[in-house]
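Please keep the sequence and the 3D view open while reading.

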Amino acid sequence: MAEQTFSVDGLHCQGCVDTITTALTALRPVSAVRIELNTEGASAVHVSSNSELSPQQVQAALKGEGNFTVLA
């Protein structure tokens, strides 16, 4: 099992955390998501999964969920 951390901009509240958690846990290889919310900058999104995810895969999962941007 791999754990990756992505910096994601655009999270402002617990509702954003819930939205991202739901969107990412819907991905087949993802088993857990933990988010360190930073309302003044990029939040740290920790993803546990059976295989590595690319930033593009994470961004695609968040498309249409809000104004969230995965930072490279």
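Two strands are said to pair if DSSP finds at least two bridges between them, and helices (H or I, at least four residues) and strands (E, at least two) are DSSP runs, numbered from the N terminus. This is a predicted model, in which local features need pLDDT of at least 70 and side-chain atom pairs count only at pLDDT 80 or more, while totals for chains, interfaces and linings use all residues. Residues are numbered from 1 along each chain as its sequence is written, and side-chain values use heavy atoms, with hydrogens and water left out.

The protein has 2 helices and 4 strands, and from the N terminus on its elements follow the order β-α-β-β-α-β.

Strand 3 (residues 43-49) pairs with two other strands, as the table sets out.

| Partner of strand 3 | Bridges | Sense | Opposite residues |
|---|---|---|---|
| Strand 1 (residues 2-9) | 7 bridges | antiparallel | S7 and A44 |
| Strand 2 (residues 30-36) | 6 bridges | antiparallel | R34 and H46 |

Strand 2 and strand 3 also form a hairpin, with 6 residues between them.

How many residues of strand 3 are buried? With buried meaning under 20% relative accessible area (1.4 Å probe, protein chains only), 7 of the 7 residues of strand 3 qualify, so this strand is largely enclosed by the rest of the structure. In a regular strand the side chains alternate between the two faces of the sheet. Both faces of strand 3 are covered, with S43, V45, V47 and S49 buried on one side and A44, H46 and S48 buried on the other. Across the protein, buried residues make up 39% of the 72 residues.

Methods:
Buried means under 20% relative accessible area, exposed over 50%, partly exposed in between (1.4 Å probe, protein chains only).
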